[in-house]
Amino acid sequence: MRAGFPDFRLGNVLATSFTGTLSERHGNAVERIPTPHRLVDWLTVSGLAVDSCTAAQLDLARELRESIHAAATAAALQDALPASAVQVINDRSAQGRAAAILTPEGERHWLLGSASSVEDALGVIAADAISVIAGERDGKLALCVSPTCLAAFFDTSQSRTRRWCDMNTCGNRQKKARFNANQRRNPRSPE
């Protein structure tokens, strides 16, 4: 992957991983797909390799990302889904020409249209978002409890009580802050 960019935060769910390409939305936002080439990188590591990406396609991708985030957030809060977000998700899903294929190992992969276009990849992401938001999968949408993050994520833990989008980032940051606060309140006495 290209150097000089923040790492991708990949999860097990395509749609919510895609929304994670913008993190710390309520703090110092981190854009993980700032250029068309970086979107190509993300799609490649997500199993949706495309040949190239234009600035206009990057704009479509970001619009889809924000629409998925808005709809997933509403679903996690059990609010009405924003009509504009639903429209964007449906439009991207309908415009894609990808097919699910089964590998000899029993895994699903995506076969994009003959031109391997970004629109096909966005169609796959939109279809994944639809299945998650519609409740067709075993798990539940939740929001990260980090006040600077609040990312939507798909909780597949057995108890469905996961608190952070990513334990290695938001979870560790919150636990470290709690530890430091406890240390300040209860300093050790010198021996």
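**Close-up 1. Pro147 in the loop between strand 5 and strand 6.** In this predicted model, Pro147 is exposed, because its relative accessible area is 54% and exposed means over 50%, buried under 20% and partly exposed in between (1.4 Å probe, protein chains only). Pro147 is found between strand 5 (140–143) and strand 6 (152–155); strands (E, at least two residues) and helices (H or I, at least four) are DSSP runs numbered from the N terminus. Residues are numbered from 1 along each chain as its sequence is written, and side-chain values use heavy atoms, without hydrogens and water. Local features need pLDDT of at least 70 and side-chain atom pairs count only at pLDDT 80 or more, whereas totals for chains, interfaces and linings use all residues.

**Close-up 2. The pairing of strand 5 and strand 6.** The two strands are antiparallel and share four bridges; pairing requires at least two DSSP bridges. Ala142 has Phe153 of strand 6 as its bridge partner. In a regular strand, side chains alternate between the two faces of the sheet. Strand 6 is covered on both faces, with Ala152 and Phe154 buried on one side and Phe153 and Asp155 buried on the other.

**Close-up 3. The largest nonpolar core.** Such a core is a set of buried Ala, Val, Leu, Ile, Met, Phe, Trp, Tyr and Cys residues joined through side-chain atoms within 4.5 Å. Among its 28 residues, Phe18, Leu39, Leu64 and Ile125 touch the most other members. Helix 1 (14–19), helix 2 (36–45), helix 3 (55–76), helix 4 (83–95) and helix 5 (118–133) each give two or more residues, and helix 5 supplies the largest share, seven. A second, separate core has eight residues, including Ala142, Cys144, Ala151 and Cys170.

**Close-up 4. The packing of helix 3 and helix 5.** The axes, lines fitted to C-alpha atoms over the stretch in contact, come within 11 Å and cross at roughly 0 degrees. The helices are therefore roughly parallel, the class for angles under 35 degrees. Residues in contact (heavy atoms within 4.5 Å) include Leu64 and Ile68 of helix 3 and Leu122 and Ile125 of helix 5.

**Close-up 5. Helix 2 and its surroundings.** Arg38, Leu39, Val40, Asp41, Trp42 and Leu43 are the buried residues of helix 2. These residues pack against helix 1, helix 3 and helix 5.

Terms used
Axes fitted to C-alpha atoms, helices over the stretch in contact; angles between N-to-C directions. Parallel < 35°, antiparallel > 145°, perpendicular 65-115°, else oblique.
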